[in-house]
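Please load the model in your viewer and keep the sequence panel open beside it. This tour says what to select at each stop and what is found there.

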Amino acid sequence: VYTRAMKPAHSALAAALLLPSASASASASALSLSLSLSLLGCGASSGEKPIVVPPRASYDSWTLVQPEGAVCGNGSPYKFFVNYSATSNNVVIAFEPGGACWDYESCTGQGGIRGAANVNGLDDDHYGLAPFIVPYFQRELPENPADDWNYVYVPYCTGDVHTGNAVKTYADPTGQNPDIEFHHRGYDNVQKVIAWMAGEFQSVPKLLVTGCSAGGVGALANYHFLREGLPGVERAYLLSDSGPIFPASIYSRPLHDKVRESWNLDSVLSSLPSVLATDDFGTINTALSDLYPDDRLAVTFFRRDYNFSIYSYERFYDFPPKEEIMEMWWDDTQRLVTQFDMRDNLAYYIPYWRRLNDSHCTTVITFAGSDIEEADMDLGQFSADLVDDSVPLTSYLESAQADEDLE
């Protein structure tokens, strides 16, 4: 196992437009006032600042938010969900996973093609998936370091890892079906989510940005926009799960070039500081580290992830066998480890293998199966340490386990 102790970080505030807060019902105001008085009376010591939670229409239940003009891939309305805490002003925002697409087959979800999720839009009860996909949204999970935080769930229906800025027409290569118009509008949707959050969460002691797979990429790619768009954040943390953007990658470059054209990513890059807008997408890791030196930024994925690695290489290298894909993935992983070791506020947690889900998404359902026994560390503890500024930030890379992944 490789471990590396890092220095604890301290906060820096971002500045941007603050939108008006949403109104709440009189009953919610009374509840909030009661909670606040209770905290002032007996919940805070004389030397501590009491927690004053804003009034909300409801707490500990999911509420649908539908931003005007936001759309899914098929043009239907986009929506996201919030679950308010009655006891905390901290916030977790999680980006939903679900593949990616850039042609007719993958954007229509045809069999045998590793395409994108929710291409036909989102139901109003889509929030039901949130606690199953995101352990941080499980208030009763003992190892959840965010059990009493506010939750924002960002669904995925645009096939562009929450970053696209294009409307594409894709033709059926067989000529049997009509063309489809697909809205890769992840960037615009997330901007609308951030604008709404700026009005709702005007004081955020701690913000955790996370997501797995396509959501892991989305968390990493939108981190800067969140930091700039939420001026009330005091401390911020990132845990990008199983969606690494590898630096100076030889093997991932064809994928990067493909999605850059398909999703019109140059239009998004043009809105970023020059340090982020480069030809090497993988420089985003150190660029974010340098832009936000007091934030704590981490990635996690399995060394034997046979899901995201397939998306990354399979269709660009004539569908190579598993071991060739794993060799590419390991090469890219070593590049990322080398890059992260250059910054004190970057960390990685990389276990070797897990049978569930082809070793994909370390944080899916629970943290179970993502432990690194040789370091006496599990992902629940790593997550807790990440958002605890008193604990040095440490990286973990599990050694190859000869008795695992033998299928």
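The stops below go from disulfides to cavities, a pocket and nonpolar cores. Keep in mind that this is a predicted model.

**Stop 1: the disulfides**

Start by selecting the cysteines. A disulfide is a covalent bond between the sulfur atoms of two cysteines. How many disulfides does a search of the whole structure find? The search finds two.

Select Cys72 and Cys157, which are joined by a disulfide with an S to S distance of 2.1 Å. This pair links distant parts of the chain, as its cysteines are 85 residues apart. Cys72 sits in the loop between strand 2 (62–65) and strand 3 (80–83), while Cys157 sits in the loop between strand 5 (150–154) and strand 6 (166–170). Look along the S-S bond of Cys72 and Cys157: the torsion is about -80°, so this disulfide is left-handed. Both Cys72 and Cys157 are buried.

Next select Cys101 and Cys107. A disulfide joins them too, with S to S 2.2 Å. Is this disulfide left-handed or right-handed? The torsion about the S-S bond of Cys101 and Cys107 is about 90°, so the disulfide is right-handed. Cys101 counts as buried because its relative accessible area is 0%, and the cut-off for buried is under 20%. Cys107 is also buried, at 3% relative accessibility.

Now read the bonded cysteines of the chain in sequence order and number them. The pairing is 1-4, 2-3.

Two further cysteines can be selected here. Cys212 has a relative accessible area of 4% and is therefore buried. Cys361, at 3%, is buried as well.

**Stop 2: the largest cavity**

Rolling a probe the size of a water molecule over the atoms shows where empty space is left. In this model, a search of the whole structure finds three cavities of 30 Å³ or more. The volume of the largest cavity is about 590 Å³.

To find this cavity, select Val161, Val217, Ile245, Leu265 and Phe281. Of the 35 residues that line the largest cavity, these five lie nearest its centre. Then colour the helices that give two or more residues to the lining: helix 5 (214–221), helix 6 (223–229), helix 7 (253–262), helix 8 (265–269), helix 9 (284–291) and helix 10 (308–313). Which helix gives the largest share of this lining? Helix 5 does, with four residues. Sorted by class, the lining of the largest cavity has 24 nonpolar residues, 10 polar ones and one charged one.

**Stop 3: the second largest cavity**

The second largest cavity holds about 60 Å³ of space. Select its lining residues: Ala94, Phe95, Ile133, Val134, Pro135, Tyr136, Thr210, Gly211, Cys212 and Thr363. Cys212 was selected at the first stop, where it was described as buried. Two elements give two or more residues to this lining, strand 4 (91–95) and strand 8 (204–212). Strand 8 gives the most, with three residues. Seven of the lining residues are nonpolar, three are polar and none is charged.

**Stop 4: the largest pocket**

Select Ile51, Val52, Asn89, Ser203 and Pro205. These residues lie nearest the centre of the largest pocket, which is lined by 18 residues. The volume of this pocket is about 340 Å³. What classes of residue line the largest pocket? Its lining has six nonpolar, seven polar and five charged residues.

**Stop 5: Ala86**

Select Ala86, in the loop between strand 3 and strand 4. Its relative accessible area is 16%, so Ala86 is buried. In sequence, Ala86 and Pro55 are 31 residues apart, and in space their C-alpha atoms are 8.7 Å apart.

**Stop 6: the nonpolar cores**

In soluble globular proteins, nonpolar side chains tend to be buried together. Select Tyr78, Ile93, Val152, Met197, Phe201 and Val209. The largest nonpolar core has 76 residues, and these six touch the most other members.

Centre the view on Met197. Which residues does Met197 touch, leaving out those up to four places away in sequence? Met197 touches Val91, Ile93, Val152, Leu226 and Leu230.

Methods
Residues numbered from 1 in each chain as written. Predicted model: local features only at pLDDT ≥ 70, side-chain atom pairs only at ≥ 80, totals over all residues. Heavy atoms only, no water. Disulfide = S-S within 2.5 Å. Buried < 20%, exposed > 50% of the residue type's maximum accessible area, 1.4 Å probe, protein only. 1 Å grid on protein atoms, 1.4 Å probe; cavity = no way out; pocket = protein on both sides within 12 Å on 5 of 7 lines; lining within 4 Å. Points joined across faces, edges and corners; volume = space filled by probe spheres on them. Nonpolar A, V, L, I, M, F, W, Y, C, P; charged D, E, K, R; others polar. Core = buried A, V, L, I, M, F, W, Y, C linked by side-chain atoms within 4.5 Å. Contact = heavy atoms within 4.5 Å.
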